[in-house]
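Me: I have a model open and would like to talk it through with you. Could you take a look at it with me?

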Amino acid sequence: MSGGGEVRARIKSVSSTKKITRAQELIASARVVRARTTLERTAPYDDEFVRLLGLLDRASIPFDHPLLAPRETIRRAAVLVVASDRGFNGGYTGNVVRCADRLDDELGRAGTETVYYVIGGKAVEYFRFHERDVAHTWTGETQNPSPETAASIGSFLAESVVAGSDGTLTGFGGDVVPGLDAAYVVHSKFVSMIDQRPVSLRLAPVELPPEIVTTAADRALEPEIDDVAPALLARAVTSHVFAAMLDASVSDSAARRAAMNLATNNASELLDDLHLRANKERQAQVTQELSEIVGDILS
């Protein structure tokens, strides 16, 4: 292929790529808006849960409640990793996995065995490629998180912590699995369209908000707090799982939009350089042809 033909072929190829990245950018932008709307609509629900958790008076709930009191020794802990099912989002999944690795190192130094649960096909591929054990995986949940899936995961983790590392329960595959002393979630937190930060949070035992102070007169609960607390704490775990999945969904789309925007801009710059190169080659070719014509005339 001649030099001019090669440049034209590259221009055609880069133009096609630019159309794809631009379309992906627009799709990601629309998904960010939708995911943020869903996240904002669930915020009042989470705020109410925080208020209800604040009603749990430590005088009424024993400190050794499995979903409330941290164990002195954590022998086994679950880490729920929420990543992405798709690519084209820069280092999104890699950042989440590295955050999980840091948590794993921290737990390992304390002598804790880590049990992984993974949401997102890309993270599943990472763990499989590095031959790391995963207790259970979910795919197809990162674009439109399902409340049912969150409820299933949250209920299982809550039951596992209630059972403790000395107990057992039925796992997702129907097998009997050992219980847990703690459960954590690692996901990307949406800060802005250009800032998504991987974070790790403890799901269980549930951490009560210290800033909320209530008295007996503030309570309007029926049945008694001792009867309400176990179900409320288990529901809090589920709520935090769903909130993490929603936050990760917004972050995923935002990261993909940023990556596709950068790819589109790079394609535009490359096209400008290729068009300039094509024009120079065309001008050189015309100049050469004119020189040959003049030379034939003069000879």
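Me: What does helix 3 lie across?
Reply: Helix 3 (residues 121-129) lies across strand 1, strand 2 (113-119) and strand 3, and runs at about 140 degrees to strand 2. Helices (H or I, at least four residues) and strands (E, at least two) are DSSP runs numbered from the N terminus, contact means heavy atoms within 4.5 Å, and axes are lines fitted to C-alpha atoms, for helices over the stretch in contact, with angles from 0 to 180 degrees between N-to-C directions. This is a predicted model, where local features need pLDDT of at least 70 and side-chain atom pairs count only at pLDDT 80 or more, while totals for chains, interfaces and linings use all residues. Residues are numbered from 1 along each chain as its sequence is written, and side-chain values use heavy atoms, with hydrogens and water left out.

Me: And which strands does helix 4 lie across?
Reply: Helix 4 (residues 147-163) lies across strand 1, strand 2, strand 3, strand 6 and strand 7, running at about 140 degrees to strand 6.

Me: What is the strand order in the open sheet?
Reply: The five strands have the order 3-2-1-6-7 with mixed pairing, where two strands pair if DSSP finds at least two bridges between them. Strand 3 (136-138) and strand 7 (195-204) are at the edges with a single partner strand each, so one side of each has no neighbour in the sheet.

Me: In which sense do strand 1 and strand 6 pair?
Reply: Strand 1 (residues 76-82) and strand 6 (residues 182-192) pair in the parallel sense, over five bridges, and V79 stands opposite Y184 in strand 6.

Me: Switching topic, how many cavities of 30 Å³ or more are there?
Reply: The search of the whole structure finds one. On a 1 Å grid over the protein atoms alone, a cavity is a set of points where a 1.4 Å probe fits but cannot get out, and lining residues have an atom within 4 Å of a point; points are joined across faces, edges and corners, and a volume is the space filled by probe spheres set on them.

Me: Which residues line the largest cavity?
Reply: Its lining consists of Q24, I27, A28, R31, R86, S253 and R256, and helix 1 gives the most, with four residues.

Me: Last one, is R51 buried, partly exposed or exposed?
Reply: R51, which sits in helix 1 (residues 3-54), counts as partly exposed at 40% relative accessibility, a class between buried (under 20% relative accessible area) and exposed (over 50%), with a 1.4 Å probe and protein chains only.

Note on methods:
1 Å grid on protein atoms, 1.4 Å probe; cavity = no way out; pocket = protein on both sides within 12 Å on 5 of 7 lines; lining within 4 Å.
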